Structures are given as structure tokens and as C-alpha cells.
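The sequence and structure come before the discussion.

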Amino acid sequence: MTGSLELDPVDRITIDAVGEPGQRTFLLQARQAEVAVTLVIEKEQAIAIARASQQLLTRVGFPEPPLSPEADELSFDATLDPTWRVGSIEMGYIEDRDVVFLQCEELAEEGIEHSTALFVVTRAQLGALGLRALTVAAEGRPRCPLCKLPMDPEGHVCPAMNGHGNTEIR
């Protein structure tokens, strides 16, 4: 699919993941009235959204009242199939409107027209999205206390053990 989509402003925006830890697919979903879109993102992109939202809100100011989104504001509609995979995300603040934009560009081969999606959110929505992204990312596999790599349920061969002693951590 090629083209552009603009949800300005969004009614709702959220991040979720489907699948088993270690095999999860991360999804960014936004809705404006009857128009909804789901895009596939990487876990690292979800974490980057969280970090960038924290940095942006630190710079421009956190919303008043403090962040406390309703559960339905972050609910995920699992019936929507992903439209495309995101290659890059740009975030910025529109000062005269006091809103933030997220511009997503489709991951596609060079020379092929890329689809784009623009989501305009409030500072409160951005803060809630950042918190949600961190929560979803943390629901994955536990990290090894020695090497910080993800551990599988059946054990972990830890490079920090350097081949000495028991190399499986459970």
C-alpha cells in the first residue's frame, strides 16, 4: 500500500505486542473517529518512542493534570490487521498548537514509494503512549543479570560466564 494517512488529532493512540515473549510482534495503533490504523514496529522503536516522549516532555513541559490515562484510552483493538511495517519514526512539537506529531514512514525498498502516517497527539496522550511502550517492552523475556541478554524459559547460555562453570542460568 502506498499513500499517506493523517490523523489530526487522534482520539486514541497505543502500543501493544502480540505473541509469545521472544517471538512478539509490536504494534502501534491510532484511531480518529471511524478511521483506525495499526502499524508493525520493532521493540526498539517502541522503546525509542518512550525515550523521545520523555525527552520532549521534559523540554516542553509535562501535561497538567499528571498522566493518568483511562484503561480504554490505551486499549488495543486486536481485530485490526497491520497495514504496513514502520521503517522510521519522527517526532516533534508543534508549539502554536501545543501538540506533538509522530510521522511514521513505511519500511520499503529504495526506489519504491513509501506510505506515511501522521499522528497528532496531545502531550498527555504522548506521555501515556511512552509509559505504555515501556510497559509492553518490559513484558518480554527476563534479562540475564550478568550479560543483560534475554533469557529463554529453558535456560540461557551466558557469554559473561566465558565458558567457565555452569553456563546455564535459569
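## Model and confidence

The model is predicted. The chain averages a pLDDT of 87, and 88% of the residues score at least 70. Confidence is lowest in helix 2, at a mean of 93, and highest in strand 7 (residues 116-121), at 98. Where pLDDT is low, the predicted coordinates should not be read in detail.

Three strands make an open sheet in the order 2-3-4, and their pairing is antiparallel. The edges are strand 2 (12-18) and strand 4 (35-41); each has a single partner strand, so one side of each is left without a neighbour in the sheet. From one strand to the next the twist averages 20°.

Seven bridges link strand 3 (residues 25-32) and strand 4 in the antiparallel sense. Ala 30 has Val 37 of strand 4 as its bridge partner.

Another open sheet has four strands in the order 1-7-6-5, with mixed pairing. Strand 1 (4-7) and strand 5 (86-94) are at its edges; each has a single partner strand, so one side of each is left without a neighbour in the sheet. Here the twist averages 15° from one strand to the next.

Strand 6 (residues 99-106) and strand 7 run antiparallel and are joined by six bridges. The bridge partner of Cys 104 in strand 7 is Ala 117.

## Helices on the sheets

Helix 1 (residues 43-60) lies across strand 2, strand 3 and strand 4, and runs at about 115° to strand 4. Helix 1 also lies across strand 5 and strand 6, where it runs at about 10° to strand 5. Helix 2 packs on the sheet of these strands, touching strand 5, strand 6 and strand 7, and its direction makes about 55° with that of strand 6. On the three-stranded sheet, helix 2 (residues 123-138) lies across strand 2 and strand 3, at about 5° to strand 2.

Helix 2 has 16 residues and reaches 23 Å from its first C-alpha to its last, close to the 22 Å expected at 1.5 Å a residue. Its buried residues include Arg 123, Leu 126, Leu 129, Gly 130, Arg 132, Ala 133 and Val 136. The elements covering the buried residues of helix 2 include both strand 2 and strand 3, along with helix 1, strand 5, strand 6 and strand 7.

Ser 53 lies in helix 1. With a relative accessible area of 4%, Ser 53 is buried, because buried means under 20%. Not counting residues up to four places away in sequence, Ser 53 touches Met 91, Leu 126 and Gly 130. Leu 126 and Gly 130 are among the buried residues of helix 2.

## Cysteines

How many disulfides does a search of the whole structure find? The search finds zero. Cys 144 is buried, with a relative accessible area of 1%.

Conventions: Residues numbered from 1 in each chain as written. Predicted model: local features only at pLDDT ≥ 70, side-chain atom pairs only at ≥ 80, totals over all residues. Heavy atoms only, no water. Pairing = 2+ DSSP bridges. Helix = DSSP H or I, 4+ residues; strand = E, 2+ residues; numbered from the N terminus. Axes fitted to C-alpha atoms, helices over the stretch in contact; angles between N-to-C directions. Contact = heavy atoms within 4.5 Å. pLDDT = per-residue confidence, 0-100. Disulfide = S-S within 2.5 Å. Buried < 20%, exposed > 50% of the residue type's maximum accessible area, 1.4 Å probe, protein only. Expected span 1.5 Å × (residues − 1).
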